[in-house]
Amino acid sequence: MSSAEDRYRAAISTMEAAAREQDEQRGLRERRLAEAQQQAREGMRQELAAAQKYAEHMDELNKRKQSAGGWATEKTLADKSRESLMEFGVHDEEADTGYTNYPTPSYGTPAVSPHPEPAPEPPAAAPEPPRRGRHARQPDDEDDFSSTSWLV
């Protein structure tokens with residue numbers, strides 16, 4: 001009888017192991033589903049915020065257009081918040097382009113250009129004029145009005 005009991009216990013433990021594995025897989029699937037749903041919600045919130053901003057901007061442009069009598073001009077559609085600012089080129093001076101007209105000190109290191117200069121191209125040969133046949137005629141100049149009398 002011990003062999004039958006051993007087989008029975010082995011079968012029971014195999015079934016319990018399979019049930020545990022299925023439970024773990026189900027839990028993993030549910031966690032992944034919850035994470036995917038959360039990411040989808042966040043993405044939709046961001047898209048909704050961007051769409052609302054766009055809709056508000058378009059409403060503002062339409063209001064400006066209607067207040068201008070239906071004319072959509074550059075002045076009408078310009079940003080109204082910028083009109084109150086007096087600009088005298090200060091923003092241009094403050095803008096950091098990353099390029100200065102002054103060379104930077106090298107302190108013993110060789111100067112390296114950020115943009116390598118392209119190799120000079122060989123001079124192109126002058127194109128040859130098209131060859132004409134032996135009896136070719138000169139093209140008529142339709143805009144030549146030198147023989148027209150303008151005093152008539």
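Just after helix 1, Gly69 adopts a positive phi of about 80°. Helices here are DSSP runs of H or I with at least four residues, strands are runs of E with at least two, and both are numbered from the N terminus. The model is a predicted one, in which local features need pLDDT of at least 70 and side-chain atom pairs count only at pLDDT 80 or more, while totals for chains, interfaces and linings use all residues. Residues are numbered from 1 along each chain as its sequence is written, and side-chain values use heavy atoms, with hydrogens and water left out.

Helix 1 has 66 residues and covers residues 2-67. From its first C-alpha to its last, helix 1 reaches 96 Å, close to the 98 Å expected at 1.5 Å a residue; the expected span is 1.5 Å times one less than the number of residues in the helix. Overall, the protein holds three helices and zero strands, and its elements run α-α-α from the N terminus on.

On the pLDDT scale, which gives the predictor's confidence in each residue from 0 to 100, the protein has a mean of 78, and 65% of its residues reach 70 or more. Confidence is highest in helix 1, at a mean of 94, and lowest in helix 3 (residues 90-94), at 53.

What is the count of salt bridges? With a salt bridge taken as a side-chain nitrogen of Lys or Arg within 4 Å of a carboxyl oxygen of Asp or Glu, the count comes to three. An α-helix has 3.6 residues a turn, so residues three or four places apart point the same way. Asp23 pairs with Arg26, their closest N and O atoms being 3.0 Å apart, and these two residues of helix 1 are three residues apart, about one helical turn. Arg45 and Glu42 form a salt bridge at 2.5 Å, N to O, and they too lie three residues apart in helix 1. Arg64 and Glu60 meet at 3.2 Å, N to O, with a spacing of four residues in helix 1, again about one turn.

The surroundings of these side chains can be described by relative accessible area (buried under 20%, exposed over 50%, partly exposed in between; 1.4 Å probe, protein chains only). Asp23 is partly exposed at 44%, as is Arg26 at 40%. Arg45 is partly exposed at 49%, and Glu42 is partly exposed at 35%. In the remaining pair, Arg64 counts as buried at 10%, whereas Glu60 is partly exposed at 34%.

For the protein as a whole, buried residues make up 2% of the 152 residues. The accessible surface, from the Shrake-Rupley method with a 1.4 Å probe and, for residues, only the protein chains shown as cover, comes to about 15700 Å², of which 54% belongs to carbon and sulfur atoms.
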